[in-house]
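Q: How do I read a fold of this kind, one feature at a time?
A: Open the model and follow along.

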Amino acid sequence: MDPNSVKSTLSNFAFGNVMAAAARDYRKELLAQEKAQSSTSVNQEVDLDELMDDPELEKLHADRIAALKRQGHGEYREISEGDFLGEVTGSEKVVCHFYHKEFYRCKIMDKHLKALASKHLDTKFIKLDAENAPFFVTKLAVKTMPCVIIFRKGIAVDRLVGFQDLGGKDDFVTRTLEVVLIKKGIVSEKKNDEDDEEDVYDESKRKTVRSSLNQDSGSD
């Protein structure tokens with residue numbers, strides 16, 4: 001047998017073994033990567049599940065609520081004119097009620113804002129006696145009360161004047177005001193609020209029916 005032919009055959013055989021080994025190694029590497037990705041995906045799912053009940057997350061949430069309360073969130077507070085700028089610039093979202101102590105409708109607004117303050121901790125709810133805050137009453141053109149001004153990052157972006165956005169009557173429910181504030185983007189929708197909204201609609205419908213019946217009986 002020709003020595004050169006034997007050498008060539010052996011060389012080709014060796015090259016073939018190297019290629020086969022390389023192919024096996026490449027396949028192993030791909031399998032290892034797939035396994036690693038699968039393991040990572042499973043771990044991520046487990047981590048997300050564990051995160052829901054993670055005491056550390058609960059602590060962070062509790063710390064955040066505590067910090068918001070230190071900034072005056074979670075309660076409906078009266079402030080002075082001297083505190084006004086610090087209050088409206090100290091939080092991202094602020095609802096400020098300019099009121100008159102002798103106005104009955106201002107007291108109605110107080111009741112509803114107080115209920116919302118404890119529910120929407122991300123938003124600060126405050127009130128200011130218009131008689132004792134002439135500078136800001138003039139600057140913000142407060143002419144009719146109750147006047148609820150909405151602030152974002154210290155800037156007045158919207159307002160509710162009287163009960164115009166609330167049906168124009170005194171007997172509106174807190175949810176009616178809440179829906180208006182949600183639409184204005186100053187508070188967020190909460191769980192089960194959709195059911196409450198249906199209740200508001202039903203109550204409004206009942207009032208319309210009662211009003212219609214009263215008018216009919218009066219015309220008789």
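Q: Where does helix α4 lie?
A: This is a predicted model. Helix α4, residues 104–117, lies across β1, β2, β3 (124–129) and β4. Its direction is about 160 degrees to that of β2.

Q: What is the strand order of the sheet?
A: The sheet is open and has five strands, ordered β1-β3-β2-β4-β5. The pairing is mixed. From one strand to the next, the twist averages 25 degrees.

Q: Which strands stand at the edges?
A: Those are β1 (76–79) and β5 (155–161). Each has a single partner strand, so one side of each lacks a neighbour in the sheet.

Q: How many bridges join β2 to β4?
A: Six, between residues 93–99 of β2 and residues 147–152 of β4. The two strands run antiparallel. V94 has F151 as its bridge partner in β4. K93 has R152.

Q: How do β4 and β5 run, and how many bridges join them?
A: They are antiparallel, with six bridges. C147 stands opposite V161 in β5. The hairpin has two residues between the strands, and K153 takes a positive phi near 55 degrees there.

Q: Why is β4 largely enclosed by the rest of the structure?
A: In a regular strand, side chains alternate between the two faces of the sheet. Burial is a separate check, with a cut-off of under 20% relative accessible area. In β4, five of the six residues are buried, so the strand is largely enclosed. R152 is partly exposed, at 30% relative accessible area.

Q: What does R152 meet in a salt bridge?
A: Side chains of opposite charge can pair when their charged atoms come close. The side chain of R152 meets that of E92, at 3.8 Å from N to O. R152 is in strand β4 and E92 in the loop between α3 (84–89) and β2, 60 residues apart. E92 is partly exposed, at 48% relative accessibility.

Q: Are K127 and D110 buried or exposed?
A: Both are buried. Their side chains form a salt bridge of 3.3 Å, N to O. The pair links strand β3, which holds K127, to helix α4, which holds D110, 17 residues apart.

Definitions and conventions
Residues are numbered from 1 along each chain as its sequence is written. This is a predicted model: local features need pLDDT of at least 70, side-chain atom pairs count only at pLDDT 80 or more; totals for chains, interfaces and linings use all residues. Side-chain values use heavy atoms; hydrogens and water are left out. Two strands pair if DSSP finds at least two bridges between them. Helices (H or I, at least four residues) and strands (E, at least two) are DSSP runs, numbered from the N terminus. Axes are lines fitted to C-alpha atoms, for helices over the stretch in contact, and angles run from 0 to 180 degrees between N-to-C directions. Contact means heavy atoms within 4.5 Å. Buried means under 20% relative accessible area, exposed over 50%, partly exposed in between (1.4 Å probe, protein chains only). A salt bridge is a side-chain nitrogen of Lys or Arg within 4 Å of a carboxyl oxygen of Asp or Glu.
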